[in-house]
Amino acid sequence: MSDSATGDTTTADQGKVVDGRVEVRLGDTKLGLNYTFYRGEGARFLPMRAGMAAPEGLALQVLEGWMPAEPFIDQDTTIVAFGSCFAGHIGRYLSNLGFDVATRKDDKAYVSKLGDGIVNVFAIRQQFEWAWEGLSPSVELWHGYKAEEFGYDEEVRVRTRELFDAADVFIITLGLSEIWYDEPTGEVFWRAVPYEKFDPARHKFRVASSAETLDNLRRIHDLIRKHRPEAVIVFTVSPIPLSATFRPVSCVTANAASKALLRAAIDELYRERHPADPKLFYYPAYEVVTQCFDRPFGDDFRHPLFHVLDVNMKAFERYFCRTGLTDDDLAAVFGEAKRLDRALGLEDSGPLRHYIDAMLADWAARTKDPAKFDVEDRQARLARKAELRRERELQRASRIAGRQGASEREPS
């Protein structure tokens, strides 16, 4: 709430009418907006750079309105996470914290073996219908990362059903809207068609419609509520862009359309069903990456840098997990990530980029092992961080000294 003594204004107070104009605070900046149109009692305004960079920027400008009232995931909670990349990342992260991520412990079910490779809503729906309803595609559709066939084995189906039956929380990440399908049956592949099996007479490409996407999400929600009525459902959208499009347009624009279709469908499902189902959530992993940082991706423009990924993991932990992580802890993580984000724009950001890349490589390697980082690991990272800071200070001092020397040598 607004405090007249301090002038502090939270997001909930934005839109207060002062002297006939709407007073809005975005970070440390006050704006006066035209009062001609009614903006409602709880209008939220797009943050300016200062507002997003504030310690509370992540919580107030991105996460507000979507988070549970209290964390609920503890050591006794069984988690099933699959879909696209965020499900894989959060599954590894939570497993490292000691939580029961069933899909990290299993090596038989496809939602475990291909946990971050079942990326479209048709493929995700297929897993639920197959496991719980015994519905199998009529043609070969499921393939691994190397195009190997994943059939409809009954033992695997039963194991998948067991995982779903035990789940207290489903974390489901949607990745893309571009699909390859078998034209005679209309059935959809997990991803593209294996090169050696492609038949142009029957294998076709298209973009899933918004109606199809929403219908699939409704079906997924219905199936979970039928078989696991008390389970929590957390939908997310992967921030990783398409690596290529099969449309005759640029990949950048095709990716924008692909993500928009997914995000809009989840939003409609949420608005439609959350009022009657308070255990249905959307976690804005996509927005955390794409809206909170100026340089969120590596040189491939696809994979988030370590500090960006860490903010996403820590934010989920703060609001969903009973680990004791506080608002101040999250604000500190976000503040450090924003500092790194700003520093990446400097001319001498090479050492910093190497440092961030090393953190990401180390994290990726260690998340294959459920053991936590130990104290020595943390101390080594802190030492490297201090070393990097000293390197940057020396570089800055050297540049300043060089400029001063050049100035002194100039003729008067």
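The structure is a predicted model, in which local features need pLDDT of at least 70 and side-chain atom pairs count only at pLDDT 80 or more, while totals for chains, interfaces and linings use all residues. Residues are numbered from 1 along each chain as its sequence is written, and side-chain values use heavy atoms, with hydrogens and water left out.

**Overall features**

The protein chain contains 14 helices and 11 strands; these are DSSP runs numbered from the N terminus, helices being H or I with at least four residues and strands E with at least two. Of its 412 residues, 47% are buried, where buried means under 20% relative accessible area, exposed over 50% and partly exposed in between (1.4 Å probe, protein chains only). Among contacts (heavy atoms within 4.5 Å) with a separation of 6 or more, 69% are between residues 24 or more positions apart. The accessible surface of the protein chain is about 20600 Å², and carbon and sulfur atoms account for 53% of that area; accessible areas come from the Shrake-Rupley method with a 1.4 Å probe, and for residues only the protein chains shown count as cover.

**Salt bridges**

Side chains of opposite charge can pair when their charged atoms come close. The whole structure holds 28 salt bridges, each defined as a side-chain nitrogen of Lys or Arg within 4 Å of a carboxyl oxygen of Asp or Glu. The table lists examples.

| Glutamate 64 | Arginine 44 | 3.2 Å |

Glutamate 64 and arginine 44 form a salt bridge. Because glutamate 64 lies in the loop between α2 (57–63) and β4 (78–83), and arginine 44 in the loop between β3 (29–33) and α1 (49–53), the pair ties together parts that are 20 residues apart in sequence. Glutamate 64 is partly exposed at 27% relative accessibility, as is arginine 44 at 49%.

Aspartate 277 is buried, with 9% relative accessibility, and arginine 225 is buried at 18%.

Arginine 271 is exposed, at 54% relative accessibility.
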